[in-house]
Amino acid sequence: MTTFVDRVVLHMQAGDGGHGCVSIHREKFKPFGGPDGGNGGHGGSVSLVVDAQVTTLLDFHFRPHLKAENGKGGAGSNRDGANGHDLIIKVPNGTVVQSLDGEVLADLVGAGTTFEVARGGRGGRGNASLANARRKAPGFAELGEPGDRLDVVLELKSVADVGLVGFPSAGKSSLISVISAAKPKIADYPFTTLVPNLGVVRVDNHTFTVADVPGLIPGAATGKGLGLEFLRHVERCAVLVHVVDTATLEPGRDPLADIDTIEAELSEYGGLADRPRLVALNKIDVPDGRDLAEIVRPDLEARGFRVFEVSTATREGLKELMFAMAEVVEQARRAAPPAEPTRIVIRPKAVDDTGFTIEVEEDGSFTVRGVRPERWVRQTNFDNDEAVGFLADRLARLGVEEKLAKAGADPGDLVRIGEREFDWQPTLYAGVDFVPGNRGTDIRLEEKSTRASAAERLAARKARRRRPEDALEAGGLDADLSDDLDDDDLDDDDE
(Lines give C-alpha, C1' and ligand atoms only; values in the text may rest on other atoms or scores of the structure.)
Protein backbone atom coordinates (compact mmCIF):
# COMPACT_ATOMS: atom_id res chain seq x y z
CA MET A 1 0.00 0.00 0.00
CA THR A 2 1.33 3.42 -0.95
CA THR A 3 1.95 6.00 1.75
CA PHE A 4 2.19 8.97 -0.60
CA VAL A 5 -0.70 11.42 -0.70
CA ASP A 6 -0.48 14.53 -2.89
CA ARG A 7 -4.07 15.86 -2.71
CA VAL A 8 -6.27 16.31 0.34
CA VAL A 9 -9.32 18.34 1.33
CA LEU A 10 -8.99 20.03 4.72
CA HIS A 11 -11.82 21.38 6.85
CA MET A 12 -10.30 24.28 8.76
CA GLN A 13 -11.80 26.24 11.62
CA ALA A 14 -10.13 29.17 13.33
CA GLY A 15 -10.75 29.84 17.00
CA ASP A 16 -13.69 31.93 18.16
CA GLY A 17 -13.08 35.11 20.12
CA GLY A 18 -13.95 35.12 23.82
CA HIS A 19 -16.95 37.08 25.08
CA GLY A 20 -16.48 40.34 26.95
CA CYS A 21 -17.53 40.50 30.59
CA VAL A 22 -20.21 42.65 32.25
CA SER A 23 -19.08 43.45 35.79
CA ILE A 24 -19.39 46.27 38.33
CA HIS A 25 -16.66 46.90 40.88
CA ARG A 26 -17.93 46.58 44.43
CA GLU A 27 -16.14 46.86 47.74
CA LYS A 28 -16.85 47.97 51.29
CA PHE A 29 -18.38 51.44 51.46
CA LYS A 30 -18.29 51.49 47.68
CA PRO A 31 -21.23 49.48 46.29
CA PHE A 32 -20.89 50.99 42.83
CA GLY A 33 -17.29 51.51 41.82
CA GLY A 34 -17.84 51.60 38.08
CA PRO A 35 -17.58 48.98 35.31
CA ASP A 36 -14.63 46.60 35.44
CA GLY A 37 -15.49 43.86 32.93
CA GLY A 38 -12.49 42.58 30.98
CA ASN A 39 -12.16 41.94 27.26
CA GLY A 40 -12.34 38.50 25.66
CA GLY A 41 -9.25 36.95 24.09
CA HIS A 42 -8.77 36.63 20.34
CA GLY A 43 -9.23 33.22 18.74
CA GLY A 44 -6.26 31.37 17.29
CA SER A 45 -5.57 31.40 13.55
CA VAL A 46 -4.71 28.48 11.24
CA SER A 47 -1.51 28.91 9.20
CA LEU A 48 0.42 26.72 6.76
CA VAL A 49 4.23 26.67 6.96
CA VAL A 50 6.59 24.93 4.53
CA ASP A 51 8.84 22.44 6.33
CA ALA A 52 11.70 20.73 4.53
CA GLN A 53 11.27 17.62 6.68
CA VAL A 54 7.71 17.00 5.43
CA THR A 55 7.44 15.27 2.07
CA THR A 56 3.82 14.11 1.84
CA LEU A 57 0.29 15.11 2.79
CA LEU A 58 -0.41 11.70 4.30
CA ASP A 59 -1.07 13.00 7.83
CA PHE A 60 -3.92 15.18 6.62
CA HIS A 61 -5.50 12.23 4.81
CA PHE A 62 -6.29 10.66 8.19
CA ARG A 63 -6.83 13.94 10.06
CA PRO A 64 -8.67 16.35 7.73
CA HIS A 65 -10.46 18.37 10.44
CA LEU A 66 -8.27 21.07 11.98
CA LYS A 67 -9.33 23.61 14.59
CA ALA A 68 -7.44 26.34 16.41
CA GLU A 69 -7.99 27.20 20.06
CA ASN A 70 -10.78 29.55 21.10
CA GLY A 71 -10.09 32.74 23.02
CA LYS A 72 -11.04 32.84 26.69
CA GLY A 73 -13.80 35.07 28.02
CA GLY A 74 -13.10 38.21 30.02
CA ALA A 75 -13.67 38.43 33.79
CA GLY A 76 -14.27 41.05 36.45
CA SER A 77 -11.59 43.25 37.96
CA ASN A 78 -10.49 44.21 34.43
CA ARG A 79 -9.10 40.75 33.72
CA ASP A 80 -8.83 40.10 29.99
CA GLY A 81 -9.26 36.61 28.59
CA ALA A 82 -6.28 34.73 27.17
CA ASN A 83 -5.79 34.57 23.41
CA GLY A 84 -6.20 31.22 21.73
CA HIS A 85 -3.04 29.52 20.45
CA ASP A 86 -2.48 29.61 16.70
CA LEU A 87 -2.47 26.30 14.87
CA ILE A 88 0.67 25.89 12.73
CA ILE A 89 0.42 23.19 10.06
CA LYS A 90 3.61 21.95 8.43
CA VAL A 91 3.30 21.15 4.72
CA PRO A 92 5.77 19.98 2.06
CA ASN A 93 7.59 22.33 -0.27
CA GLY A 94 5.53 22.91 -3.41
CA THR A 95 2.09 22.78 -1.78
CA VAL A 96 -0.64 24.69 -3.60
CA VAL A 97 -3.63 25.92 -1.58
CA GLN A 98 -6.89 26.09 -3.51
CA SER A 99 -10.53 26.68 -2.76
CA LEU A 100 -13.09 23.99 -3.54
CA ASP A 101 -13.97 25.71 -6.82
CA GLY A 102 -10.33 25.68 -7.99
CA GLU A 103 -9.24 29.24 -7.12
CA VAL A 104 -5.55 29.30 -6.15
CA LEU A 105 -5.14 30.96 -2.75
CA ALA A 106 -1.39 30.45 -2.27
CA ASP A 107 1.57 28.66 -3.83
CA LEU A 108 3.95 27.67 -1.04
CA VAL A 109 7.50 27.28 -2.35
CA GLY A 110 10.58 27.64 -0.17
CA ALA A 111 11.24 26.53 3.39
CA GLY A 112 9.65 28.83 5.93
CA THR A 113 6.98 30.21 3.59
CA THR A 114 3.86 30.95 5.66
CA PHE A 115 0.24 31.48 4.66
CA GLU A 116 -2.62 32.26 7.04
CA VAL A 117 -5.60 30.24 5.84
CA ALA A 118 -8.20 30.99 8.53
CA ARG A 119 -8.12 34.03 10.80
CA GLY A 120 -9.26 33.79 14.38
CA GLY A 121 -12.22 35.81 15.62
CA ARG A 122 -11.82 39.00 17.61
CA GLY A 123 -12.54 38.97 21.28
CA GLY A 124 -15.50 40.99 22.51
CA ARG A 125 -14.93 44.13 24.55
CA GLY A 126 -16.02 44.18 28.19
CA ASN A 127 -18.18 46.91 29.65
CA ALA A 128 -15.09 48.66 31.06
CA SER A 129 -13.82 49.25 27.50
CA LEU A 130 -17.27 50.34 26.30
CA ALA A 131 -17.68 53.03 28.98
CA ASN A 132 -17.41 56.65 27.88
CA ALA A 133 -18.46 60.09 29.04
CA ARG A 134 -22.04 59.55 27.88
CA ARG A 135 -22.45 55.88 28.77
CA LYS A 136 -20.65 55.67 32.09
CA ALA A 137 -21.80 52.23 33.21
CA PRO A 138 -22.74 50.00 30.24
CA GLY A 139 -24.90 47.05 31.17
CA PHE A 140 -23.70 44.97 28.24
CA ALA A 141 -20.54 43.63 26.60
CA GLU A 142 -19.62 42.53 23.10
CA LEU A 143 -19.75 38.91 22.07
CA GLY A 144 -16.70 37.16 20.67
CA GLU A 145 -16.50 37.06 16.89
CA PRO A 146 -16.61 33.58 15.30
CA GLY A 147 -13.42 32.46 13.57
CA ASP A 148 -13.21 31.70 9.86
CA ARG A 149 -14.54 28.34 8.75
CA LEU A 150 -13.65 27.08 5.29
CA ASP A 151 -12.66 24.04 3.27
CA VAL A 152 -9.46 24.12 1.21
CA VAL A 153 -7.71 21.74 -1.15
CA LEU A 154 -3.99 21.08 -0.74
CA GLU A 155 -2.14 19.81 -3.80
CA LEU A 156 1.50 18.82 -3.73
CA LYS A 157 3.50 19.63 -6.86
CA SER A 158 6.98 18.24 -6.51
CA VAL A 159 9.74 20.83 -6.77
CA ALA A 160 12.34 19.18 -8.98
CA ASP A 161 14.80 20.38 -11.62
CA VAL A 162 14.44 17.41 -13.96
CA GLY A 163 11.33 15.39 -14.67
CA LEU A 164 11.48 11.89 -16.16
CA VAL A 165 8.46 11.18 -18.36
CA GLY A 166 7.60 8.18 -20.46
CA PHE A 167 5.40 5.14 -20.90
CA PRO A 168 5.03 2.56 -18.12
CA SER A 169 7.99 0.20 -17.79
CA ALA A 170 10.23 2.52 -19.84
CA GLY A 171 12.90 2.37 -17.13
CA LYS A 172 12.36 5.68 -15.30
CA SER A 173 12.58 4.13 -11.85
CA SER A 174 15.68 2.20 -12.81
CA LEU A 175 17.29 5.36 -14.16
CA ILE A 176 16.66 7.41 -11.01
CA SER A 177 17.87 4.54 -8.85
CA VAL A 178 21.30 4.42 -10.55
CA ILE A 179 21.94 8.17 -10.83
CA SER A 180 20.84 8.99 -7.27
CA ALA A 181 20.36 7.39 -3.88
CA ALA A 182 16.60 6.97 -4.39
CA LYS A 183 15.31 3.42 -4.04
CA PRO A 184 12.01 3.21 -5.90
CA LYS A 185 10.13 -0.01 -6.47
CA ILE A 186 11.28 -1.73 -9.67
CA ALA A 187 9.50 -4.63 -11.36
CA ASP A 188 8.82 -5.99 -14.84
CA TYR A 189 5.14 -5.01 -15.09
CA PRO A 190 3.44 -1.71 -16.01
CA PHE A 191 2.52 0.88 -13.39
CA THR A 192 5.05 -0.43 -10.90
CA THR A 193 5.56 3.16 -9.74
CA LEU A 194 2.38 4.50 -8.16
CA VAL A 195 3.92 7.55 -6.48
CA PRO A 196 6.44 10.17 -7.67
CA ASN A 197 10.00 9.55 -6.55
CA LEU A 198 12.56 12.27 -5.91
CA GLY A 199 16.31 11.80 -6.17
CA VAL A 200 19.25 14.14 -5.68
CA VAL A 201 21.99 13.94 -8.34
CA ARG A 202 25.47 15.42 -7.92
CA VAL A 203 27.72 15.97 -10.97
CA ASP A 204 31.05 17.66 -10.20
CA ASN A 205 30.00 20.87 -8.46
CA HIS A 206 26.42 20.77 -9.70
CA THR A 207 23.57 19.39 -7.63
CA PHE A 208 20.02 19.03 -8.88
CA THR A 209 16.90 17.00 -8.14
CA VAL A 210 15.21 14.50 -10.44
CA ALA A 211 11.54 13.46 -10.24
CA ASP A 212 10.35 10.10 -11.51
CA VAL A 213 6.77 10.72 -12.64
CA PRO A 214 4.55 7.60 -12.82
CA GLY A 215 3.95 6.21 -16.28
CA LEU A 216 1.74 8.13 -18.68
CA ILE A 217 -0.52 6.59 -21.29
CA PRO A 218 -2.67 8.03 -24.10
CA GLY A 219 -5.48 10.06 -22.56
CA ALA A 220 -3.56 10.85 -19.38
CA ALA A 221 -4.38 14.56 -19.67
CA THR A 222 -8.09 13.69 -19.58
CA GLY A 223 -7.83 11.43 -16.52
CA LYS A 224 -6.93 8.02 -17.92
CA GLY A 225 -4.48 5.91 -15.97
CA LEU A 226 -2.51 7.90 -13.41
CA GLY A 227 -2.09 10.93 -15.66
CA LEU A 228 -4.07 13.65 -13.95
CA GLU A 229 -2.95 12.46 -10.54
CA PHE A 230 0.74 13.05 -11.31
CA LEU A 231 0.99 15.35 -14.30
CA ARG A 232 0.93 18.21 -11.78
CA HIS A 233 4.38 17.10 -10.61
CA VAL A 234 5.82 17.97 -14.03
CA GLU A 235 4.74 21.62 -13.83
CA ARG A 236 7.66 22.77 -11.69
CA CYS A 237 10.40 20.84 -13.54
CA ALA A 238 12.85 23.01 -15.46
CA VAL A 239 13.92 20.17 -17.78
CA LEU A 240 11.97 17.20 -19.14
CA VAL A 241 13.70 13.95 -20.10
CA HIS A 242 11.87 11.48 -22.33
CA VAL A 243 12.80 7.98 -21.21
CA VAL A 244 12.05 5.71 -24.17
CA ASP A 245 12.01 1.91 -24.14
CA THR A 246 13.81 0.74 -27.28
CA ALA A 247 13.37 -2.94 -26.47
CA THR A 248 9.60 -3.08 -26.03
CA LEU A 249 7.75 -6.03 -27.50
CA GLU A 250 4.33 -4.36 -27.58
CA PRO A 251 2.86 -4.14 -31.10
CA GLY A 252 2.46 -0.65 -32.52
CA ARG A 253 5.07 0.81 -30.18
CA ASP A 254 8.27 2.52 -31.35
CA PRO A 255 10.36 5.39 -29.88
CA LEU A 256 9.01 8.05 -32.23
CA ALA A 257 5.38 7.11 -31.58
CA ASP A 258 5.99 7.03 -27.81
CA ILE A 259 7.51 10.52 -27.80
CA ASP A 260 4.69 11.88 -29.98
CA THR A 261 2.11 10.44 -27.62
CA ILE A 262 3.76 11.86 -24.51
CA GLU A 263 4.25 15.26 -26.17
CA ALA A 264 0.56 15.30 -27.13
CA GLU A 265 -0.46 14.65 -23.52
CA LEU A 266 1.92 17.33 -22.22
CA SER A 267 0.60 19.80 -24.78
CA GLU A 268 -3.01 19.05 -23.82
CA TYR A 269 -2.17 19.48 -20.14
CA GLY A 270 -0.68 22.88 -21.01
CA GLY A 271 2.05 25.14 -19.74
CA LEU A 272 5.03 22.93 -20.64
CA ALA A 273 5.88 23.97 -24.17
CA ASP A 274 8.85 26.14 -23.15
CA ARG A 275 10.66 23.46 -21.13
CA PRO A 276 13.84 22.08 -22.74
CA ARG A 277 13.73 18.38 -23.63
CA LEU A 278 16.28 15.60 -23.60
CA VAL A 279 15.74 12.06 -24.91
CA ALA A 280 17.19 8.99 -23.22
CA LEU A 281 16.94 5.88 -25.40
CA ASN A 282 16.98 3.23 -22.70
CA LYS A 283 17.75 -0.52 -22.70
CA ILE A 284 20.47 -0.47 -25.35
CA ASP A 285 22.00 -3.45 -23.52
CA VAL A 286 19.44 -5.51 -25.46
CA PRO A 287 20.70 -6.12 -29.04
CA ASP A 288 17.41 -5.22 -30.67
CA GLY A 289 17.18 -2.12 -28.48
CA ARG A 290 20.60 -0.86 -29.57
CA ASP A 291 19.77 -1.38 -33.22
CA LEU A 292 16.47 0.49 -32.90
CA ALA A 293 18.15 3.34 -31.01
CA GLU A 294 20.68 3.80 -33.81
CA ILE A 295 17.85 3.84 -36.38
CA VAL A 296 15.64 6.47 -34.68
CA ARG A 297 18.44 8.70 -33.41
CA PRO A 298 18.82 10.74 -36.64
CA ASP A 299 15.07 11.39 -36.78
CA LEU A 300 14.99 12.60 -33.17
CA GLU A 301 18.00 14.87 -33.70
CA ALA A 302 16.33 16.27 -36.77
CA ARG A 303 13.44 17.33 -34.52
CA GLY A 304 15.85 19.27 -32.33
CA PHE A 305 16.21 16.79 -29.44
CA ARG A 306 19.51 15.99 -27.75
CA VAL A 307 19.57 12.19 -27.77
CA PHE A 308 21.50 9.90 -25.40
CA GLU A 309 21.70 6.13 -25.67
CA VAL A 310 21.78 4.68 -22.16
CA SER A 311 21.46 1.42 -20.30
CA THR A 312 20.50 1.35 -16.64
CA ALA A 313 21.61 -2.26 -16.42
CA THR A 314 25.20 -1.69 -17.60
CA ARG A 315 25.22 2.08 -16.84
CA GLU A 316 26.40 2.80 -20.35
CA GLY A 317 25.88 6.41 -21.43
CA LEU A 318 24.64 7.59 -18.02
CA LYS A 319 27.60 9.89 -17.41
CA GLU A 320 26.97 11.88 -20.59
CA LEU A 321 23.24 12.09 -19.76
CA MET A 322 23.93 13.35 -16.23
CA PHE A 323 26.32 16.04 -17.48
CA ALA A 324 23.76 17.14 -20.07
CA MET A 325 21.08 17.34 -17.35
CA ALA A 326 23.37 19.46 -15.16
CA GLU A 327 24.19 21.76 -18.07
CA VAL A 328 20.55 22.39 -19.00
CA VAL A 329 19.57 22.87 -15.34
CA GLU A 330 22.29 25.48 -14.87
CA GLN A 331 21.14 27.29 -17.99
CA ALA A 332 17.57 27.30 -16.70
CA ARG A 333 18.69 28.61 -13.31
CA ARG A 334 20.69 31.42 -14.88
CA ALA A 335 17.80 32.37 -17.13
CA ALA A 336 15.35 32.46 -14.24
CA PRO A 337 14.68 35.96 -12.85
CA PRO A 338 16.33 36.64 -9.50
CA ALA A 339 14.14 36.09 -6.49
CA GLU A 340 12.87 39.35 -5.10
CA PRO A 341 12.09 39.90 -1.44
CA THR A 342 8.46 40.23 -0.55
CA ARG A 343 7.42 43.85 -0.88
CA ILE A 344 5.05 45.49 1.54
CA VAL A 345 2.18 47.00 -0.42
CA ILE A 346 0.16 49.75 1.24
CA ARG A 347 -3.25 50.40 -0.25
CA PRO A 348 -4.84 53.43 1.43
CA LYS A 349 -8.61 53.71 1.39
CA ALA A 350 -10.32 56.28 -0.73
CA VAL A 351 -11.42 59.48 0.95
CA ASP A 352 -15.09 58.80 0.23
CA ASP A 353 -14.92 55.12 1.20
CA THR A 354 -17.48 54.53 3.96
CA GLY A 355 -16.55 50.89 4.40
CA PHE A 356 -19.95 49.49 3.44
CA THR A 357 -22.33 49.21 0.52
CA ILE A 358 -26.11 48.87 0.28
CA GLU A 359 -27.70 46.58 -2.29
CA VAL A 360 -31.37 46.61 -3.23
CA GLU A 361 -32.67 43.05 -3.64
CA GLU A 362 -35.35 41.91 -6.07
CA ASP A 363 -37.86 41.36 -3.27
CA GLY A 364 -37.57 45.00 -2.18
CA SER A 365 -35.33 44.32 0.80
CA PHE A 366 -31.96 45.97 1.43
CA THR A 367 -28.65 44.26 2.20
CA VAL A 368 -25.85 46.10 3.96
CA ARG A 369 -22.41 44.67 3.19
CA GLY A 370 -19.23 45.75 4.92
CA VAL A 371 -16.58 44.50 7.31
CA ARG A 372 -17.46 46.76 10.19
CA PRO A 373 -21.29 46.55 10.11
CA GLU A 374 -21.20 42.77 9.79
CA ARG A 375 -18.66 42.44 12.61
CA TRP A 376 -20.70 44.73 14.86
CA VAL A 377 -23.81 42.64 14.26
CA ARG A 378 -21.97 39.40 15.05
CA GLN A 379 -20.67 40.87 18.31
CA THR A 380 -24.05 42.20 19.50
CA ASN A 381 -26.10 40.40 22.15
CA PHE A 382 -29.64 40.87 20.87
CA ASP A 383 -31.11 39.70 24.19
CA ASN A 384 -29.89 42.96 25.73
CA ASP A 385 -31.81 46.09 24.72
CA GLU A 386 -28.95 48.40 25.63
CA ALA A 387 -26.59 46.43 23.36
CA VAL A 388 -29.10 46.72 20.51
CA GLY A 389 -29.39 50.47 21.06
CA PHE A 390 -25.60 50.76 21.10
CA LEU A 391 -25.47 48.92 17.75
CA ALA A 392 -28.10 51.28 16.34
CA ASP A 393 -26.07 54.31 17.41
CA ARG A 394 -22.91 52.91 15.81
CA LEU A 395 -24.69 52.21 12.53
CA ALA A 396 -26.21 55.71 12.56
CA ARG A 397 -22.81 57.33 13.13
CA LEU A 398 -21.33 55.22 10.33
CA GLY A 399 -23.99 56.59 7.96
CA VAL A 400 -25.94 53.39 7.33
CA GLU A 401 -29.34 54.96 8.03
CA GLU A 402 -28.62 57.95 5.84
CA LYS A 403 -27.62 55.70 2.93
CA LEU A 404 -30.67 53.48 3.46
CA ALA A 405 -32.91 56.54 3.20
CA LYS A 406 -31.13 57.67 0.03
CA ALA A 407 -31.50 54.15 -1.40
CA GLY A 408 -35.28 54.44 -1.00
CA ALA A 409 -35.87 52.43 2.16
CA ASP A 410 -39.18 53.13 3.92
CA PRO A 411 -39.99 52.44 7.58
CA GLY A 412 -40.79 48.77 8.03
CA ASP A 413 -38.68 47.57 5.07
CA LEU A 414 -36.56 44.48 5.56
CA VAL A 415 -32.84 45.18 6.04
CA ARG A 416 -30.18 42.45 6.22
CA ILE A 417 -26.78 42.85 7.83
CA GLY A 418 -24.74 39.65 7.90
CA GLU A 419 -27.01 36.84 9.09
CA ARG A 420 -29.49 39.17 10.82
CA GLU A 421 -32.68 40.71 9.45
CA PHE A 422 -34.33 43.87 10.78
CA ASP A 423 -37.47 45.90 10.16
CA TRP A 424 -36.06 49.35 9.52
CA GLN A 425 -37.40 52.05 11.82
CA PRO A 426 -35.35 55.20 11.25
CA THR A 427 -37.08 57.31 13.87
CA LEU A 428 -36.21 54.73 16.52
CA TYR A 429 -32.45 55.21 16.26
CA ALA A 430 -32.18 58.89 15.37
CA GLY A 431 -30.97 59.95 18.80
CA VAL A 432 -27.21 60.24 18.56
CA ASP A 433 -27.45 62.51 21.62
CA PHE A 434 -29.46 59.88 23.47
CA VAL A 435 -28.71 59.62 27.19
CA PRO A 436 -28.93 55.99 28.38
CA GLY A 437 -31.05 55.05 31.35
CA ASN A 438 -30.91 51.92 33.48
CA ARG A 439 -28.28 49.33 32.68
CA GLY A 440 -29.38 46.75 30.17
CA THR A 441 -32.37 48.79 28.94
CA ASP A 442 -33.04 51.32 26.22
CA ILE A 443 -36.22 53.39 26.31
CA ARG A 444 -36.18 53.66 22.53
CA LEU A 445 -36.82 49.93 22.31
CA GLU A 446 -39.54 49.85 24.98
CA GLU A 447 -42.99 49.19 23.59
CA LYS A 448 -46.06 50.48 25.45
CA SER A 449 -47.51 47.54 27.32
CA THR A 450 -51.24 46.75 27.25
CA ARG A 451 -51.02 45.10 30.65
CA ALA A 452 -52.93 46.89 33.46
CA SER A 453 -50.86 48.62 36.13
CA ALA A 454 -50.78 47.45 39.76
CA ALA A 455 -53.16 50.24 40.89
CA GLU A 456 -55.64 49.34 38.16
CA ARG A 457 -55.53 45.69 39.08
CA LEU A 458 -56.12 46.55 42.80
CA ALA A 459 -59.13 48.72 41.98
CA ALA A 460 -60.62 45.98 39.83
CA ARG A 461 -60.08 43.42 42.59
CA LYS A 462 -61.88 45.63 45.14
CA ALA A 463 -64.76 46.16 42.73
CA ARG A 464 -65.20 42.40 42.30
CA ARG A 465 -65.19 41.82 46.07
CA ARG A 466 -67.87 44.50 46.86
CA ARG A 467 -71.18 42.95 47.99
CA PRO A 468 -74.46 43.97 46.32
CA GLU A 469 -76.04 45.31 49.58
CA ASP A 470 -73.00 47.50 50.13
CA ALA A 471 -73.45 48.89 46.69
CA LEU A 472 -77.15 49.58 47.38
CA GLU A 473 -76.41 51.29 50.65
CA ALA A 474 -73.70 53.32 49.06
CA GLY A 475 -76.08 54.13 46.25
CA GLY A 476 -78.90 55.18 48.68
CA LEU A 477 -76.56 57.33 50.71
CA ASP A 478 -75.36 58.98 47.61
CA ALA A 479 -78.98 59.61 46.55
CA ASP A 480 -79.91 61.23 49.91
CA LEU A 481 -76.84 63.41 49.78
CA SER A 482 -77.66 64.49 46.29
CA ASP A 483 -81.24 65.35 47.31
CA ASP A 484 -80.01 67.43 50.22
CA LEU A 485 -77.58 69.19 48.00
CA ASP A 486 -80.28 69.88 45.47
CA ASP A 487 -82.58 71.31 48.14
CA ASP A 488 -79.84 73.50 49.49
CA ASP A 489 -79.07 74.70 46.05
CA LEU A 490 -82.66 75.51 45.42
CA ASP A 491 -82.91 77.38 48.70
CA ASP A 492 -79.88 79.36 47.83
CA ASP A 493 -81.39 80.21 44.51
CA ASP A 494 -84.62 81.27 46.07
CA GLU A 495 -82.90 83.51 48.51
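A nonpolar core is a set of buried Ala, Val, Leu, Ile, Met, Phe, Trp, Tyr and Cys residues joined through side-chain atoms within 4.5 Å. The close-ups below come from a predicted model.

**View 1. The largest nonpolar core has 26 residues.** Val162, Leu164, Phe208, Val210, Val241, Leu278 and Met325 touch the most other members of this core. Seen by element, β9, α3, β10, β11, β12, β13 (277–282) and α7 each supply at least two of its residues. Helix α7 gives the largest share, 8 residues. A second, separate core holds 21 residues, among them Val46, Leu48, Val50 and Leu66. In soluble globular proteins, nonpolar side chains tend to be buried together.

**View 2. Val210 and its contacts are shown here.** Leaving aside residues up to four places away in sequence, Val210 touches Ala160, Val162, Leu164, Ile176, Ile179, Asn197, Leu198, Gly199 and Val201.

**View 3. Helix α3 (residues 172–179) is mostly covered.** Of its 8 residues, 8 are buried. They are Lys172, Ser173, Ser174, Leu175, Ile176, Ser177, Val178 and Ile179. These buried residues pack against four strands: β9 (162–165), β10 (197–203), β11 (206–212) and β12 (239–245). They also pack against helix α7 (318–335).

**View 4. An open sheet of 4 strands runs in the order β15-β16-β17-β18.** The pairing is mixed. Strands β15 (356–360) and β18 (420–423) stand at the edges. Each has a single partner strand, so one side of each is left without a neighbour in the sheet. On average, neighbouring strands are turned by 25° against each other, direction ignored. Inside the sheet, β16 (residues 366–370) and β17 (residues 414–417) pair in the parallel sense over 3 bridges. Phe366 has Val415 of β17 as its bridge partner. Helix α8 (residues 371–378) lies across β15, β16, β17 and β18. Its direction is about 100° to β16.

**View 5. Glu142 sits in the loop between α2 (127–130) and β8 (149–156).** Is Glu142 buried or exposed? Its relative accessibility is 6%. The cut-off for buried is under 20%, so Glu142 counts as buried. Not counting residues up to four places away in sequence, Glu142 touches His19, Gly20, Gly124, Arg125, Leu130, Gln379, Phe390 and Arg394.

**View 6. Ser77 and Arg315 each have a positive phi.** Most residues other than glycine have a negative phi. Ser77, not a glycine, has a phi of about 60°. Ser77 is found in the loop between β3 (65–67) and β4 (87–91). For Arg315, also a residue other than glycine, phi is near 60°. Arg315 is in the loop between β14 (306–309) and α7. With a relative accessible area of 52%, Arg315 is exposed.

**View 7. Cys21 and Cys237 are both buried.** Cys21 has 15% relative accessibility. For Cys237 the value is 1%. How many disulfides does the structure hold? The number is 0.

Key: Residues are numbered from 1 along each chain as its sequence is written. This is a predicted model: local features need pLDDT of at least 70, side-chain atom pairs count only at pLDDT 80 or more; totals for chains, interfaces and linings use all residues. Side-chain values use heavy atoms; hydrogens and water are left out. Two strands pair if DSSP finds at least two bridges between them. Axes are lines fitted to C-alpha atoms, for helices over the stretch in contact, and angles run from 0 to 180 degrees between N-to-C directions. Contact means heavy atoms within 4.5 Å. Buried means under 20% relative accessible area, exposed over 50%, partly exposed in between (1.4 Å probe, protein chains only). A disulfide is a pair of cysteine sulfur atoms within 2.5 Å.
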